[in-house]
Amino acid sequence: MTATAAEQNRLTPPSHPQRWLILGVICLAQLTVLLDNTVLNVAIPSLTQELDASTADVQWMINAYSLVQSGLLLTAGSSADRYGRKKMLVAGLALFGIGSLVAGLAQSSTQLIAARAGMGIGGALLMTTTLAVVVQIFDDSERVKAIGIWSTVSSLGFAVGPLIGGVMLDHFWWGAIFLINIPVAVIGLAAVVRLVPESKNPSGERPDLLGALLSTIGMASVVYAIISGPEHGWTSGRVLLTAFIGVAVLTGFVLWELHIPYPMLDMHFFRNQKFIGAVAGAILVAFGMGGSLFLLTQQLQFVVGYGPLEAGLRTAPLALSVVALNLTGLGARLVPKLGTPVTIAAGMSLLAAGLAAIALLGGDGYGGMLLGLVVMGAGIALAMPAMANAIMSAIPPEKAGVGAGVNGTLAEFGNGLGVAVLGAVLNSRFAALVPAAVGAASLPAALASATDDGERERITDAFASGLETSQLVGAVAVLAGGLLAATLLSRAERAESARATSAEAEVAA
């Protein structure tokens with residue numbers, strides 16, 4: 001069950017004297033993990049050529065990392081609560097560094113996908129512990145600001161990945177985008193060992209290994225069905241079977257969590273409308289952001305013709321606007337003034353407007369795309385800190401690791417789902433407009449098979465049309481999610497206020 005405000009105040013420890021320095025250390029670890037969600041986006045042409053990777057291969061290179069990570073985040077959070085958050089930070093950095101080394105030296109698509117899945121294990125340990133540590137070392141008066149900075153780093157990691165990837169690819173081969181993680185992991189290890197205090201809940205439940213297995217298999221199956229739909233047909237046996245397996249396994253996961261005394265995810269949290277509203281919003285912010293960057297980097301390189309570095313630089317305004325607004329503390333100041341529901345609704349509406357601007361104006365030149373990126377950044381800067389704080393405040397402080405696992409799971413799953421769904425919309429639209437190119441594994445392959453300039457132009461135009469449709473789908477989903485999240489959060493706040501008024505009346509009587 002969720003804790004009341006009084007219980008949370010009683011259970012929350014006082015602020016740590018070195019809290020801001022520790023925040024910097026854990027944000028470095030967080031940044032390392034999140035960069036790898038999007039750093040591969042600008043390497044798509046290089047991977048397509050050098051590893052002979054198909055579009056589906058590339059999507060799995062991106063999704064293998066986020067799917068394994070999202071499947072294990074809840075168990076990693078539970079383990080951190082019981083065995084120690086500092087220990088999990090150290091283990092996560094070590095595993096992530098080793099996985100990065102293997103990925104950088106991969107010689108085939110299969111090897112890279114496997115290495116990315118391995119990196120996801122280390123990433124899961126890191127993602128849960130960073131936010132859990134923030135909750136433990138900051139009191140209520142500073143927590144929203146601290147989570148705002150943490151969210152800034154999270155957004156920066158997603159958004160600046162293409163830029164860093166572009167810089168690396170402009171000077172080195174594609175494997176360097178993974179090898180650069182190694183010195184960062186080493187520095188992070190030294191800093192965590194020296195500065196971060198150990199914290200844990202000695203009475204925490206043991207890890208739910210079956211729950212982790214079920215959630216990972218279920219989510220991987222659902223996303224596999226989405227990725228495979230355009231290639232094999234949405235009604236094909238393969239797609240329907242994997243979709244059915246995914247839904248069935250996820251249903252089994254929910255039933256298992258309800259049955260056992262030590263659930264990885266306490267389903268009673270979902271009785272709290274505040275929690276549900278924040279969950280819905282968090283998934284769709286990540287959905288819009290991850291899917292948009294996946295499409296945008298392809299648009300800049302395949303359609304407009306920019307190189308990796310040029311494409312990365314042109315996505316940078318998204319990250320810069322998020323950082324600028326969050327470092328000024330705008331989101332932290334607006335939450336108490338406007339309230340969480342209004343702040344989230346405003347942020348999600350801006351994110352949707354930015355996606356729509358890119359879809360409708362991005363094809364006419366970079367000016368329209370720049371406008372969309374800046375508006376997206378403003379929306380993310382408002383919505384993400386408010387939603388992370390809403391999720392964590394709906395969960396008891398002694399389960400901070402589980403709460404961070406929920407938040408991280410939503411972000412990773414939303415990102416992977418965004419790549420899968422919006423990529424599937426792109427592929428379906430492309431196939432509908434250019435049926436002759438359906439057999440090609442990627443846009444470069446379709447262009448190479450074209451017989452004349454006219455056909456190549458039709459293929460490029462069809463790809464651009466598919467990108468536009470995908471961005472608009474993402475905009476609609478984000479806007480709907482924002483309105484839903486705000487409505488649920490508003491209802492939850494009214495219910496809490498009514499209960500508090502009733503309790504005061506009883507005391508007075």
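This report walks through a predicted model of a single chain, from its overall make-up to a few individual residues.

## Overall make-up

Let's start with the whole chain. Its secondary structure comes to 19 helices and zero strands. Of the 509 residues, 57% are buried. The chain exposes about 19300 Å², and carbon and sulfur atoms supply 66% of that area.

How much of the contact set comes from residues 24 or more positions apart? Counting contacts with a separation of 6 or more, such pairs account for 85%.

## The nonpolar cores

The largest nonpolar core holds 128 residues, and within this core Leu 112 and Val 134 touch the most other members. Helix 12, residues 273-303, gives the largest share of this core, with 14 residues. There is also a second, separate core of five residues, among them Val 160, Leu 163, Ala 316 and Ala 319.

Leu 112 deserves a visit of its own. Setting aside residues up to four places away in sequence, Leu 112 touches Leu 47, Leu 51, Met 61, Ala 103, Ala 106, Trp 174 and Phe 178.

## A nonpolar patch on the surface

Now to the outside of the chain. Leu 210, Leu 213, Ile 217, Leu 241, Phe 244 and Ile 245 form a nonpolar patch on the surface, and together they have about 550 Å² of accessible area. Which helices each supply at least two residues of this patch? They are helix 10, residues 209-232, and helix 11, residues 237-259.

Ile 217, one of the patch residues, lies in helix 10. Its relative accessible area is 37%, so Ile 217 is partly exposed, which falls between the 20% limit for buried and the 50% limit for exposed.

## Helix 11 in more detail

Helix 11 supplies patch residues, but it has buried positions as well: Val 239, Thr 242, Gly 246, Val 249, Phe 253 and Glu 257.

Helix 9 covers residues 181-195, and Asn 181 lies in it. Is Asn 181 buried or exposed? Its relative accessible area is 4%, so Asn 181 is buried, the cut-off being under 20%. Beyond its neighbours within four places in sequence, Asn 181 is in contact with Thr 32, Asp 36, Phe 96, Ser 100 and Met 119.

Val 184 is also found in helix 9. At 27% relative accessibility, Val 184 counts as partly exposed. Leaving aside neighbours within four places in sequence, its contacts are Leu 28 and Thr 32. Val 184 and Leu 31 are 153 residues apart in sequence, with their C-alpha atoms 9.6 Å apart in space.

The last stop is helix 16, residues 366-393, where Asn 389 is found. Asn 389 counts as buried because its relative accessibility is 17%, and the cut-off for buried is under 20%.

Which residues does Asn 389 touch, not counting those up to four places away in sequence? They are Arg 143, Val 144 and Ile 147. Arg 143 is 246 residues from Asn 389 along the chain, yet the C-alpha atoms of the pair are separated by 8.1 Å.

Note on methods. Residues numbered from 1 in each chain as written. Predicted model: local features only at pLDDT ≥ 70, side-chain atom pairs only at ≥ 80, totals over all residues. Heavy atoms only, no water. Patch = residues over 30% accessible without salt bridge, like charges linked within 9 Å, V, L, I, M, F, W, Y side chains within 5 Å. Areas by Shrake-Rupley, 256 points an atom, 1.4 Å probe, with all protein chains shown as cover. Salt bridge = Lys/Arg side-chain N within 4 Å of Asp/Glu carboxyl O. Helix = DSSP H or I, 4+ residues; strand = E, 2+ residues; numbered from the N terminus. Buried < 20%, exposed > 50% of the residue type's maximum accessible area, 1.4 Å probe, protein only. Contact = heavy atoms within 4.5 Å. Core = buried A, V, L, I, M, F, W, Y, C linked by side-chain atoms within 4.5 Å.
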